[in-house]
Amino acid sequence: MDFTAQRPLVLLAEADALVAEDLGNALNQAGYRVLGPFATTAEALAAIEWERPALAVLDVKLRDSVCTALGQELRQRGVPILVHSGLQQDDPRTLGFRGLPWLSKPALPNDVVALLAEMASQTASGGTEAAASVSELQLAEERGNPFIRKLEGFVTLSDADRAILERISTHTRFLGPRVDLICEGDKPDGIFLVMEGMVCRHKVRENGSRQIMAYLLPGDLGDLDVALLDTMDHTISTLSACRVVRIAPDTIAELMQHHPQIARGLRMSTLVDEATLREWLLNVGRRSAVERIAHLFCELLVRLQVVGLTDTGSYALPLTQIELAETTGLSNVHVNRSLQELRRQGLIELKSGRLTILNLPRLRKIAEFKSNYLHLGNRAAA
Amino acid sequence: MSLHLQPIQIATGSNDTKSHLVFADGFLVAVLVQLSDEFEDEAGWWFLEAAFGRVNDFRAPTFPNLEETQEWITSQLSS
């Protein structure tokens, strides 16, 4: 079980990077998980679309704007807010925050933590919100750890193996959408493991056009041997808000040397990544626009099923049409037309960031989708 | 060099049917299609559906009106 999932999530919106770091550390030490820190209203708003925090610490004046809209969104969702601001309480810009618990910036991190604890205890006695978070917890618990689920698709793991993988994947870091984990030209710094959300590998041309070469879904990780390289030859970025773990190269080396079943699973996973890249190359080189999109949707269904993130043919697809275009080597116009065509044929429904496949046999037929390259044995239900 | 536009209907397999063939000095250089209402932000914009020679651009750009489209085509031809 992932113990981090039981710690309350605190949204931290703070324009000053140093203050953000101090507060973030203090919150972590006090047993909270931190959503952020976010320096802009836009990033914080995007993050709460993905995950509802239990509490929020807001600096009123963020880098892009006074975050009144964020305050409203949080209040609509019933999230208690602690204001931590350098502005005076009678400043007109703080109008949307009057009457809330307030600490003048810079407050001692311990004071922030103490006041939050008080607010959290009041919330917990409220009832409904606690109930909501319990059901979310149960769902996450039933799904289990995606890293373990993924490797168990390839190999049989012992209890000891599972305990090690659980430990490795515990210290997750939350990242907003469209954040670079590592850029082309950077020195590799560990292996990224995705626990929640969607990450991609991509390259950008001088003219700004971008090709996405791979999606990393929950349970997927970067290259095992990336530490052998001096510099990255591509960029890895989040697509949606994500929970990611950075695994040190030494940890991977230890797994590969002393835990044969885990090592076998990781090697299988690498082979599947390569096979998937070949399939994507076939997609962009030899399939029509509608076929490419249909193929991608079929593949995501199978891959997300493995880690328990589908619900009878439906899954979260937190991608824009532009990102779909960048993935499939199509223009935005052709992606739009292909989606319309698939809708017209009654094969898919795509709304509010969720894709529902209404006619899987037909979609598979259009894409000529065979899941053999994912090497799931008899686990591939699609 | 002068551009000449010839209106035409095109079967894109979508609701985007209004189109222009674009000729430069008598040669066909591009096919433009006006985007339908299914494109929320870009409805009514012009899309470079097909283009030839120097006008061909892998990014397949869109333009808010025919004037800007023609300026872009002219600049591509003279590049």
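Student: In this predicted model, how many bridges join strand β9 (residues 199–204) of chain A to β10(A)?

Tutor: Strand β9 of chain A and β10(A) run antiparallel. One of the residues involved is A:H202, whose bridge partner in β10(A) is A:I212. The number of bridges joining β9(A) to β10(A) is 6.

Student: Which strands stand at the edges of the open sheet of 4 strands in chain A?

Tutor: The sheet pairs its strands antiparallel in the order β7-β11-β9-β10. A strand at the edge has a single partner, so one of its sides is left without a neighbour in the sheet. In chain A the edge strands are β7 (180–182) and β10 (210–216).

Student: Are helices α10 (residues 289–306) and α12 (residues 332–344) of chain A roughly parallel or roughly perpendicular to each other?

Tutor: Their axes come within 9 Å and cross at roughly 70°. Angles of 65 to 115 degrees count as roughly perpendicular. The contact includes A:F297 in α10(A) and A:L339 in α12(A), and its residues divide into 8 nonpolar, 2 polar and 1 charged. The two helices are therefore roughly perpendicular.

Student: Which helix gives the most residues to the lining of the largest cavity?

Tutor: The largest cavity has a volume of about 160 Å³, and its lining has 7 nonpolar, 1 polar and 4 charged residues. Both α9 (260–286) and α10 of chain A supply at least two lining residues. With 3 residues, the greatest contribution comes from α9(A).

Student: How much space lies in the second largest cavity?

Tutor: Among the residues lining the second largest cavity are A:I182, A:F192 and A:M232. By class, its lining has 6 nonpolar, 2 polar and 1 charged residues. The space in this cavity is about 60 Å³.

Technical notes:
Residues are numbered from 1 along each chain as its sequence is written. Chains are lettered from A and ligands numbered from 1 in the order in which they are written. This is a predicted model: local features need pLDDT of at least 70, side-chain atom pairs count only at pLDDT 80 or more; totals for chains, interfaces and linings use all residues. Side-chain values use heavy atoms; hydrogens and water are left out. Axes are lines fitted to C-alpha atoms, for helices over the stretch in contact, and angles run from 0 to 180 degrees between N-to-C directions. Angles under 35 degrees count as roughly parallel, over 145 as roughly antiparallel, 65 to 115 as roughly perpendicular and the rest as oblique. Contact means heavy atoms within 4.5 Å. Ala, Val, Leu, Ile, Met, Phe, Trp, Tyr, Cys and Pro count as nonpolar, Asp, Glu, Lys and Arg as charged, and the others, Gly among them, as polar. Two strands pair if DSSP finds at least two bridges between them. On a 1 Å grid over the protein atoms alone, a cavity is a set of points where a 1.4 Å probe fits but cannot get out, and a pocket is an open set with protein on both sides within 12 Å along at least five of seven lines; lining residues have an atom within 4 Å of a point. Grid points are joined across faces, edges and corners, and a volume is the space filled by probe spheres set on the points.
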